[in-house]
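Biologist: Let us go through this model and ask what stands behind each term. Please set every value against its definition.

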Amino acid sequence: MAPMRIALPKGRMMDQALELWDRIGSGIAPEQANTRRLILPSRDGRFEFLPVKPSDVPTYVEAGVADAGVVGLDVLLERRADVLQPLDLGFGACRMAVAAPEGQPYPDLPGAVTPRVATKYVESARRFFAERGAQVEIIRIAGSVELAPLLGLSHWIVDLVETGRTLKENGLVVVDTVFASSARLIVNRARHKLRLDDHQRLLAELEAALAAPALTTSSARS
Amino acid sequence: MQFLPISHVPVGSQDLLAEDVRLLRRIHAAWYALAEARGYEEVIPPTFEYEEVFTRGGGPELASRLVRFVDQDGRLVALRADFTSSIARVAASRLASAPVPLRLCYAGKVFRQEAAGEGRRREMFQLGAEMIGDASAEGDVEVIRLLLDTMHAVGIADFQVNLGNVEFVRPLLERLSFEEAEALRGAIDRKDRAALAAAVAAGEIEPGAGRSLVELPTLIGRGEMLIRAAELAIGESASSAIERLRRIDRLLTPAERAHIVYDLGEIRGLGYYTGIQFEVFAAGAGRAIGVGGRYDHLLALYGADRPAVGFALETDALAELLTQAAQR
């Protein structure tokens, strides 16, 4: 049987995911860890891991070229991929928040000003304000979103907050929470049915590993 | 206004050239030969209809994806988005006094709006069949069997039909507000156990029903799974939903059963399904290539109350799978 392909988001979340697979006996061999190979086999041959850009994980899984993947809820909600989402893996916890310069009014600005919101997460921001019936202008920014309110490009920002340090350094404070995010296991709908036994076994194993008390994981350190 | 060369076609539309057309014809030939042999007669509904034909039964999802325009008399018209709705209208009006069961089949294009940039077609070929006027499990099996045999006839062997029964969860959802039911429907569809457990803990659902909801993502498997599901069925409707699936399982041959996965979280079809419901998945395609199910109340919306069951397959997806197989 061909190995199951798992798309992983390059970066810290990938290390945490590989640690989790290690706990079910299917991690990668240490010498594989720092190679630049595009496909990493698991020690036991059951899996092949595909390290990809986080925002590409839903794309690979939705198209079925990967059986499953690990991705943050923030990425998933932004992409709105049509995939199964059976498990909250717990690590990679952070929150999507609205932040404003200290003293900036929220949720209403004085006068007839339409609030401008800078963000990388256009879809999540649009949905959040729409659900509240708030009319805002959303400005798409690719990086260093904290800069936007400092320069007067926007009144508020919507961004991922882990420790809040970057915000603080730029004189910004969290004024609202959009949603709490963490890593999710996502599964292709077709592959789940075509290899049902393999998929159900993986789900059960991961669920058991998550329920068992963790020994030392990087998520406990952060 | 941007000027584009005339060689461009709108996003989601395409030309089919000689080789594509030959393949499509081969699929259609296999389909019509099989359907006719089983007593299904071809119908060709119009390409555009009053939009109510699609909005009445199809639910908000289909309604949001119609390609509409204003007709000469000011009424809203939509391009055919779904054959079943059109055929239900014909069966409930012009064919209302025809003897039942009525066996009808079709092949042609449907048109649906898709978000830009997702690489999905807005114009696609479908083929399918509807059996009208038979409410029995034997009727379900006849249609499922026609679907399985169609897959084999066009030359696709590695596929699974994901079969559920919406009556298992419908009673649980009916007691909730629209928003709560939609949120729960989403969680069931994504097999998101954490979200289901959270919804149950939030308290709108009675404890017994809560247990079935949280277990729902695990109620997937071959026929044996249905025995466990029967223990989790809450109320008469859910119990008879399981009984119906078990009866279908008994009526299928072992070779047919190998292509069936029972999944009580299978609830993603169009709004009009009432009983069994299924999606078709094939190796090489990342998403469902066909859907079907029972829609016992749809015809009543067009004026004649008749039970019915049917399926539709995406012909373009079948063609792509055959092309992939030929290249290997």
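Biologist: What is the accessible surface of chain B, and what share of that surface belongs to carbon and sulfur atoms?

Modeller: This is a predicted model, and the values are computed from it. The accessible surface of chain B comes to about 15200 Å². Carbon and sulfur atoms hold 54% of that area.

Biologist: What makes chain B agree with a compact globule?

Modeller: The rule is 2.2 Å times the number of residues to the power 0.38. For 328 residues that gives a radius of gyration near 20 Å, and chain B has 20 Å, so the value agrees with the rule. The C-alpha trace of chain B spans about 60 × 50 × 50 Å along its principal axes.

Biologist: What percentage of the residues in chain B is buried?

Modeller: Buried means under 20% relative accessible area. In chain B, 51% of the 328 residues are buried.

Biologist: Among contacts in chain B between residues at least 6 apart in sequence, how many join residues at least 24 apart?

Modeller: The share is 69%. Chain B has 12 helices and 12 strands.

Biologist: Now chain A. Why is strand 9 of chain A called largely enclosed?

Modeller: The cut-off for buried is under 20% relative accessible area. Five of the six residues in strand 9 (residues 156-161) of chain A are buried, so the strand is largely enclosed by the rest of the structure.

Biologist: How do you know which strands pair with strand 9 of chain A?

Modeller: Pairing needs at least two bridges. Strand 6 (residues 94-101) of chain A has five with strand 9, in the antiparallel sense, and A:Arg95 has A:Val161 as its bridge partner. Strand 7 (residues 116-119) of chain A has three with strand 9 and runs parallel; there A:Thr119 stands opposite A:Val158.

Biologist: What makes strand 3 of chain A mostly covered?

Modeller: Six of the six residues in strand 3 (residues 47-52) of chain A are buried. A:Phe47, A:Phe49 and A:Pro51 point one way, A:Glu48, A:Leu50 and A:Val52 the other. In a regular strand the side chains alternate between the two faces of the sheet.

Biologist: Which strands are joined to strand 3 of chain A, and by how many bridges?

Modeller: Strand 1 (residues 4-9) of chain A runs parallel to strand 3, with six bridges; A:Leu8 is partnered with A:Pro51. Strand 2 (residues 40-41) of chain A is antiparallel to strand 3, with two bridges, and A:Leu40 is partnered with A:Phe49. In the hairpin of strands 2 and 3 of chain A, five residues lie between the strands, and A:Gly45 takes a positive phi near 75°.

Terms used:
Residues are numbered from 1 along each chain as its sequence is written. Chains are lettered from A and ligands numbered from 1 in the order in which they are written. This is a predicted model: local features need pLDDT of at least 70, side-chain atom pairs count only at pLDDT 80 or more; totals for chains, interfaces and linings use all residues. Side-chain values use heavy atoms; hydrogens and water are left out. Buried means under 20% relative accessible area, exposed over 50%, partly exposed in between (1.4 Å probe, protein chains only). Helices (H or I, at least four residues) and strands (E, at least two) are DSSP runs, numbered from the N terminus. Contact means heavy atoms within 4.5 Å. Accessible areas come from the Shrake-Rupley method with a 1.4 Å probe; for residues, only the protein chains shown count as cover.
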